[in-house]
There are 2 protein chains.
Amino acid sequence: MQAVIDFQSARRTQSTASLPTASLPNARKFEVTCAACNLREMCLPQGLSGAELQRMENLVYSRRKVKRGEALFRAGDKFAAIYAIRVGFFKTALLHGDGREQVTGFQMPGELLGLDGIGSGAHASNAVALEDCEVCVLPFGLVEEISREIPGLQRHLNSVLSREIVRDHGVMMLLGSMRAEERLAVFLLNLSKRFIRRGWSASDFHLRMTRDEIGSYLGLKLETVSRLFSKFQADGLLEVNQKHVRIADIGGLEKVMGAVH
Amino acid sequence: MQAVIDFQSARRTQSTASLPTASLPNARKFEVTCAACNLREMCLPQGLSGAELQRMENLVYSRRKVKRGEALFRAGDKFAAIYAIRVGFFKTALLHGDGREQVTGFQMPGELLGLDGIGSGAHASNAVALEDCEVCVLPFGLVEEISREIPGLQRHLNSVLSREIVRDHGVMMLLGSMRAEERLAVFLLNLSKRFIRRGWSASDFHLRMTRDEIGSYLGLKLETVSRLFSKFQADGLLEVNQKHVRIADIGGLEKVMGAVH
DNA sequence: CGTAATTTTGACTCCGCTCAATTGGCGTGG
DNA sequence: CCACGCCAATTGAGCGGAGTCAAAATTACG
């Protein structure tokens, strides 16, 4: 809701600006600047002033479309840029020597991808599109350069990295000390919260990932995930129809999350 | 907390002075500068030049001793500084509503603590000393400031944050898709590798943490950890005596780690 | 429209947990 | 110095939650 309102006002502001969009070269006509992007408040430019935002425009080097099932990058790829998701869902995953895959996260519009490559110069994980996606390509050399000019950007980059660490610790807690039901409840409530920020329904949504991928993320087998969905439905917490989920009883789910047994 | 503020003003005064370290008051005589610290190559100043190292000295503006069992910081504490461990081992842990604790890591000399506070302004976890410890206090405002002057420091800070994310993903893989034996093998081999970097024995060491803490970190119960130690000993992989461990067969441990079953 | 992929459900198994008792190590105080 | 108490670690017995294997149902996609 909030995001929608911001988006609209931003558009209006821009259309009354001295340099209307229509006068820009055609190539850019359908492209959205950071300043006009409805995702900016949850993306890298979060909290920047107008002038700083303008400087940021130079950061978005290009946009890239990634088809469902394709990889934005793969483990071992040379690290050159981080990516801001504009459209679509991704999963990131590590693969262990043998076939085993560990999904390390699901990312949605406004979130950043590729941070795992900063430290070593090569990506550590695969980022695969769960549906047709579009990302902004932010060459990391530029990010560093502009960070030096805009302390707010520097601070925010640090924040994003730090928050990713905190998020990962939360997942470690989930994997290390929660039972299967709790894990799924936490997962669903987390999705719900992130959907709200994007102005989408908190309780009615479409899972872009398979049971297997959810299971991998939660340290469970797909059969267990499927059984839990059925159980939650039987308990009146959810209505599940394949990938479509409706949370029928948020409070109930939260109780499952908190329940020691 | 009060001490931090006092120190900050003291530091500013000092940083404006152009006096060489040698002329500083005796209080500093027994203190080790970054340039002279044997941990510098695995700590924040990694890869910095001599001149940059000198600038870094201003960063460490106090040292702090933490007794075994005491907390360096606790979840919820205001975030003001990051810490570089000079002496001793720490654990970091999250605690869940009820009594449940999830150990998120074990840190040793040369490693940084407190990165989890950058994003939110408050620490997310507890950092508790597993033995008598000493840390360098690096006020984060100063870190940011000096980062702007020394791009190498900025780059390295980003690297450290990114590598922490990659490390956490490794733990997620461990918790999400490895069996108990593999987890303990990975844990021991990881410790061994980090000990080597510090010039300690790769195969003969003293665990500073309890079976319960190891279990929490690995998503296992202490009894399971204890049983695994006994089993590894029976299999000729280890010699275990309470907290003292000798790895008798590194190759064997690596095979346990890789084994699908 | 047909084939492959995904999901659901059941039956059974087993790894790691729970509960419980015992041993061992270590610091404290008599 | 030893005795005591406390905490950590070990070990056993039995259980249960999630995994495995298998088959059927449903859906997605070329």
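Colleague: Of the atoms of DNA strand C within 4 Å of the protein, what percentage belong to sugar or phosphate?

Modeller: This is a predicted model, in which local features need pLDDT of at least 70 and side-chain atom pairs count only at pLDDT 80 or more, while totals for chains, interfaces and linings use all residues. Side-chain values use heavy atoms, with hydrogens and water left out, residues are numbered from 1 along each chain as its sequence is written, and chains are lettered from A and ligands numbered from 1 in the order in which they are written.

To your question: 64% of the atoms of DNA strand C within 4 Å of the protein belong to sugar or phosphate, and the rest belong to bases. Around DNA strand C there are 17 residues, of which A:Arg211, A:Ser226, A:Ser230, B:Ala180 and B:Thr224 come nearest; a residue is counted here if one of its heavy atoms lies within 4 Å of the strand. By class, this surface has three nonpolar, six polar and eight charged residues, where Ala, Val, Leu, Ile, Met, Phe, Trp, Tyr, Cys and Pro count as nonpolar, Asp, Glu, Lys and Arg as charged, and the others, Gly among them, as polar.

B:Glu223, by contrast, has a polar side-chain atom 3.2 Å from a base nitrogen of DNA strand C. Two elements give two or more residues each to the surface near DNA strand C, helix H8 (222–234) of chain A and helix H7 (222–234) of chain B, and H8(A) gives the most, with five residues. Such helices are DSSP runs (H or I, at least four residues), and strands are runs of E of at least two, both numbered from the N terminus.

Four salt bridges are counted between chain A and chain B, each a side-chain nitrogen of Lys or Arg within 4 Å of a carboxyl oxygen of Asp or Glu. One of them joins the side chains of B:Glu144 and A:Arg155, at 3.5 Å from N to O.

How values were computed
Polar contact = N/O pair within 3.5 Å; in protein donor to acceptor, adjacent residues only side chain to side chain.
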